[in-house]
There are 2 protein chains.
Amino acid sequence: MAGIEEVAKLAGVSTATVSRALSGRGHVSPASKAKVEEAAARLGYVVSSNASSLASGRTRNIGVVIPFLNRWFFSSVLEGAQRALLRRGYDLTLYNLSGEGNERSSVFEHFLLRQRVDAVIAVSLELTEHEVARLHDLGKPLVGVGGPIPDVPTLTIDDAAVARLATEHLIALGHTRIAHIGGDLEFDLDFHLPTNRRTGYEGALHDAGIEVDLRLFAPADFTIRGGYHAAKQLLGAPHGRPTAIFAASDEMAIGSILAARDLGLVVPRDVSIVGIDDHDLSEFFGLTTVAQFPRLQGEMAVDVLMERLEPSTPDAPAPAATPLPYELRVRSSTAIPPV
Amino acid sequence: MAGIEEVAKLAGVSTATVSRALSGRGHVSPASKAKVEEAAARLGYVVSSNASSLASGRTRNIGVVIPFLNRWFFSSVLEGAQRALLRRGYDLTLYNLSGEGNERSSVFEHFLLRQRVDAVIAVSLELTEHEVARLHDLGKPLVGVGGPIPDVPTLTIDDAAVARLATEHLIALGHTRIAHIGGDLEFDLDFHLPTNRRTGYEGALHDAGIEVDLRLFAPADFTIRGGYHAAKQLLGAPHGRPTAIFAASDEMAIGSILAARDLGLVVPRDVSIVGIDDHDLSEFFGLTTVAQFPRLQGEMAVDVLMERLEPSTPDAPAPAATPLPYELRVRSSTAIPPV
DNA sequence: ATGAAAGCGCTAACAG
DNA sequence: CTGTTAGCGCTTTCAT
């Protein structure tokens, strides 16, 4: 493994110049820069990130703390963040908190503190004040994705607005008996997404003069399976069956489609179904949904961090709570209600 | 941020003792060890991984190179590896190669070489000799998961045996017209899994005296959607329809179940379907499958690496190609063939 | 624009 | 079992 000294020798300059030429900080004449680059390439030289970090205090590494890896939303955010970081020459160190609670504390008490990361991205995690403070003390910027964290810049879609849009789509088609499959309480603890979506749903009904019928609400766990069971309850009722279901996630909506089929109902003729996400599977199922763009959210989180780590303009405007895009995608799971 | 010196002062010992007490290498009296730990806790001291790495040459960080994040197999392997590493106090730095080809080369030419990782786990990646050599030169152990890499210890299920087991299950039920949905060529380039599974399938047929009918093979892309379309082809044939389908992955098998339903066929009465994986969704669909355990595979990969990084016994036995467990899970998608 | 040299914070001989 | 000390490989003032 060639060191900086060898590169310096080969290029006929000092190690300081090599460092400057390769990192881009400080001025170096084009001539020396070329010589250094050529020498580095010839020797296959790559800076040691440890030595560099120790000397400079910057690691060029970002920590991403995330509760799940095997769910569409989370893996998509992760993918977006990874891409954006790689492009900028940053590494991504992953902390998955899917296990029990003590993993969480060890991540916050040890892993994140050992100076391995310059900043952290917390995905759908409600951090305690103490956790935030700990990071803050170290001067590590923190940005959240999905689920607001007090005093921390966070990227999160407007869940109420998204839910309202989905519901309004059904209302516009003429539906009035619109059921909702939302999150159960357990899910609401971590981030208030289910509540917010439900609020949007109820708001839309209310504005349309439709009374909210509590019997048309069913909780589930955001999985296909959970959505299936919830929808069976809703659609199996002998009287007053809803003509439409708004599910708080595409996976639950897909479960609802399958439940409808098993009950002999034709979607969308007998029942319309709409979800939120635009999950990978949604197109296949012809699911109408409100798309959110988690990959983009991951990328944007990186953008926000970079602006704080390497401000392009001195007056870095801290985007407090950037609104994120979403978009209704009408496919074949929604139609006018049965006559 | 407290440093080692302050801890040493507070504990009344030298920095060397602090280092030894906290890292566990070298002998320290229980008394000093206790004092050091107490002092460290009081000051909220955590070693700087950079300084430690630079001085010791060990980073306590493992690189994981993986082609997808949003597929069940891959995210499960990742999750397993992450858990196992966290438990041992290691970090995991992620390199996702899902983008274009140049991401791959930059990962191998720069990221992995900057001394940030002690070792790398390559998931379902066929590395070039050059890539392997590059890592080898740096003295970085490398272990593969899924898909053999020449001269590198690799954890991979016996795809042929797994496929054979699935097929034999169908044969034992009395099926003789057994179709196979396998990978298309594109998939075979990276790791020969599709070919191996097909070989197992054909071997089982052959041993049972059943002739392989090429018309009963359909390629797909390992997704639900792909499996759906392939199965429609297979099951839509007016004559000589297969009575069973063996899909090379659960996602394709699930697609097949959906296709059968759309064609008015009842599973398993009219057609039996079996997959490989035991995907999260398989139980919900009642899919009979051969389970593999990707989370375990990720954990085992870490075990193998640890044995090389921190040998427990001097005579570290390099496990060349550990066979991995798999298990037939019979559910409700397979039955005797229609009369 | 470039070089000399002083560390960054810790670990690992080496003594004792 | 513990302290002393010399680096680990690079970045960054401070001069020039």
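Which side chains meet in a salt bridge at 2.5 Å, N to O? They are R116(B) and D91(A), and the legends below start from the contact that holds this pair. This is a predicted model, in which local features need pLDDT of at least 70 and side-chain atom pairs count only at pLDDT 80 or more, while totals for chains, interfaces and linings use all residues. Residues are numbered from 1 along each chain as its sequence is written, chains are lettered from A and ligands numbered from 1 in the order in which they are written, and side-chain values use heavy atoms, with hydrogens and water left out.

**View 1. The contact between chain B and chain A.**
Chain B gives 54 residues to this contact and chain A gives 54 residues, where contact means heavy atoms within 4.5 Å. The size of an interface is often given as the accessible area lost when the parts come together. Here about 4,800 Å² is buried between the two chains, with carbon and sulfur atoms giving 56% of that area; buried area is the accessible area (1.4 Å probe) that two parts lose on being put together, summed over both. On the chain B side, N50(B), R116(B) and F284(B) lose the most area to chain A, together 14% of what that side buries.

Among the elements giving two or more residues to the side of chain B that touches chain A are helix 4 (49-56), helix 5 (72-87) and strand 2 (91-96) of chain B; helices (H or I, at least four residues) and strands (E, at least two) are DSSP runs, numbered from the N terminus.

**View 2. Strand 2 meets strand 2.**
Strand 2 (residues 91-96) of chain A pairs with strand 2 of chain B in the antiparallel sense, over 3 bridges. Two strands pair if DSSP finds at least two bridges between them. If you follow L94(A) across, its bridge partner in strand 2 of chain B is L92(B).

**View 3. The open sheet of chain A.**
In chain A, 6 strands form an open sheet in the order 7-6-8-9-10-11, with mixed pairing. Strand 7 (217-220) and strand 11 (326-329) of chain A stand at the edges with a single partner strand each, so one side of each is left without a neighbour in the sheet. Neighbouring strands are turned by 15° against each other on average, direction ignored; axes are lines fitted to C-alpha atoms, for helices over the stretch in contact, and angles run from 0 to 180 degrees between N-to-C directions. Helix 11 (residues 224-236) of chain A packs on this sheet, touching strand 6 (178-183), strand 7 and strand 8 (244-247), and its direction makes about 160° with that of strand 7.

**View 4. The open sheet of chain B.**
Chain B also has an open sheet of 6 strands, in the order 7-6-8-9-10-11 and with mixed pairing. At its edges are strand 7 (217-220) and strand 11 (327-329) of chain B, each with a single partner strand, so one side of each has no neighbour in the sheet. The twist averages 20° from one strand to the next. Strand 8 (residues 244-247) and strand 9 (residues 272-277) of chain B run parallel and are joined by 3 bridges, and F246(B) has V274(B) as its bridge partner in strand 9.

**View 5. R104(A) and its surroundings.**
R104(A) sits in helix 6 (residues 101-109) of chain A. Its side chain reaches the backbone oxygen of E126(A) at 2.9 Å. Leaving aside neighbours within four places in sequence, R104(A) is in contact with residues including L97(A), L125(A) and E131(A).

**View 6. Backbone details in the loops.**
V267(A) and P268(A) are joined by a cis peptide bond, with omega about 5°, and P268(A) lies in the loop between helix 12 and strand 9 of chain A. In chain B, the peptide bond from V267(B) to P268(B) is cis, with omega near 5°. R60(A), not a glycine, has a positive phi of about 55°.

Terms used. A salt bridge is a side-chain nitrogen of Lys or Arg within 4 Å of a carboxyl oxygen of Asp or Glu. A polar contact is a pair of N or O atoms within 3.5 Å; within protein, one must be able to donate a hydrogen and the other to accept it, and residues adjacent in sequence count only if both atoms are side-chain atoms.
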